[in-house]
Amino acid sequence: TGLASIRSQMTSGLGFDPPSLQAAAQWCLTNNVNLEEALFWIQSATSPNLGGVQTFSALNIHAGLLRKLGRTAEADEKMKAALANANLMELHGYGRQLVSEKKPKEALAVFEQNYKQNNGAWPTNVGLARGYSANGDLKKALEHAKLALAQAPDATNKTSLEAMIKTLSEGKPIAQ
């Protein structure tokens, strides 16, 4: 099985390789199995003593495992650290994740942080459009979708934003 293969790899040299430890922990989190051992793996992957790094991705996995284990306060602290290390696209992706998890208020806060932290750079207005739409503020969502359209880097994004603007103009929330 997948878990048996991962466990075998973690007892080899890969068990000392932070990216491999992180991948193993991510697999367990995604599949909701072996959470305690996965927590050990991600702690090893992020430990400075073992050459690990405190990246957004690794800390996000760590927070996810803690949350699934019912350790909410620790998970929240770990997620704060993850967000402090996040780049523009990581914040955008996390905001979208929160929208899909039906956490619109939290998502909007992440999209707002991203906008402020990155001075309104692409795609922070898209994030705000999604965040406001998820919270039912279609007027503000439309404003940000129009700002995003002016920033769109390519035809694919322009087409997507034009459809988003049309939907919002019709008084409908955008599909998340």
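The mean positions of the 18 positive and 15 negative charges of the chain lie 6 Å apart. Lys and Arg count as positive here, Asp and Glu as negative, and His and the chain ends are left out. Each charge is placed at NZ of Lys, CZ of Arg, CG of Asp or CD of Glu. This is a predicted model: local features need pLDDT of at least 70, side-chain atom pairs count only at pLDDT 80 or more, and totals for chains, interfaces and linings use all residues. Residues are numbered from 1 along each chain as its sequence is written, and side-chain values use heavy atoms, without hydrogens and water.

**Overall build**

- The chain holds ten helices and zero strands. Helices (H or I, at least four residues) and strands (E, at least two) are DSSP runs, numbered from the N terminus.
- Read from the N terminus, the order of elements is α-α-α-α-α-α-α-α-α-α.
- The C-alpha trace spans about 55 × 30 × 25 Å along its principal axes.
- Of the 176 residues, 41% count as buried. Buried means under 20% relative accessible area, exposed means over 50%, and partly exposed lies in between (1.4 Å probe, protein chains only).
- The chain exposes about 9,200 Å², and carbon and sulfur atoms supply 55% of that area. Accessible areas come from the Shrake-Rupley method with a 1.4 Å probe; for residues, only the protein chains shown count as cover.
- Take the contacts with a separation of 6 or more: residues 24 or more positions apart account for 46% of them. Contact means heavy atoms within 4.5 Å.

**Helices H4 and H5**

- Helix H4 covers residues 56–68 and helix H5 covers residues 72–84. The two pack at an angle of about 170 degrees, with axes 8 Å apart.
- That angle makes H4 roughly antiparallel to H5. The cut-offs are under 35 degrees for roughly parallel, over 145 for roughly antiparallel, 65 to 115 for roughly perpendicular, and oblique for the rest.
- Axes are lines fitted to C-alpha atoms, for helices over the stretch in contact, and angles run from 0 to 180 degrees between N-to-C directions.
- On the H4 side, the residues that meet H5 are Phe56, Leu59, Asn60, His62, Ala63, Leu66 and Arg67.
- On the H5 side, their partners are Thr72, Glu74, Ala75, Asp76, Lys78, Met79, Ala81, Ala82 and Leu83.

- His62 lies in helix H4. His62 is buried, because its relative accessible area is 4%.
- Beyond its neighbours within four places in sequence, His62 contacts Leu39, Ile42, Gln43, Thr46 and Lys78.
- His62 and Glu112 are 50 residues apart along the chain, and their C-alpha atoms are separated by 24 Å.
- His92 belongs to helix H6, residues 88–100. At 8% relative accessibility, His92 counts as buried.
- Leaving out residues up to four places away in sequence, His92 touches Phe111, Asn114, Pro123, Val126 and Gly127.

- Ser133 sits in helix H8, residues 124–134. With 4% relative accessibility, Ser133 counts as buried.
- Apart from neighbours within four places in sequence, Ser133 contacts Leu138, Ala141, Leu168, Pro173, Ile174 and Gln176.
- Gln176 is in the segment after helix H10 (155–169). Its relative accessible area of 39% makes Gln176 partly exposed.
- Gln176 contacts Arg96, Val99, Arg130, Ser133 and Ala134, again leaving aside neighbours within four places in sequence.
- Gln176 and Asn60 are 116 residues apart along the chain, with 21 Å between their C-alpha atoms.

**Backbone points in the loops**

- The peptide bond from Trp122 to Pro123 is cis, with omega near 0 degrees. Pro123 is in the loop between helix H7 (104–117) and H8.
- Asn34 has a phi near 55 degrees, a positive value in a residue other than glycine. Asn34 is in the loop between helix H2 (18–31) and helix H3 (35–46). At 18% relative accessibility, Asn34 counts as buried.
- Lys102 is not a glycine, yet has a positive phi of about 60 degrees. Lys102 is in the loop between H6 and H7. At 70% relative accessibility, Lys102 counts as exposed.
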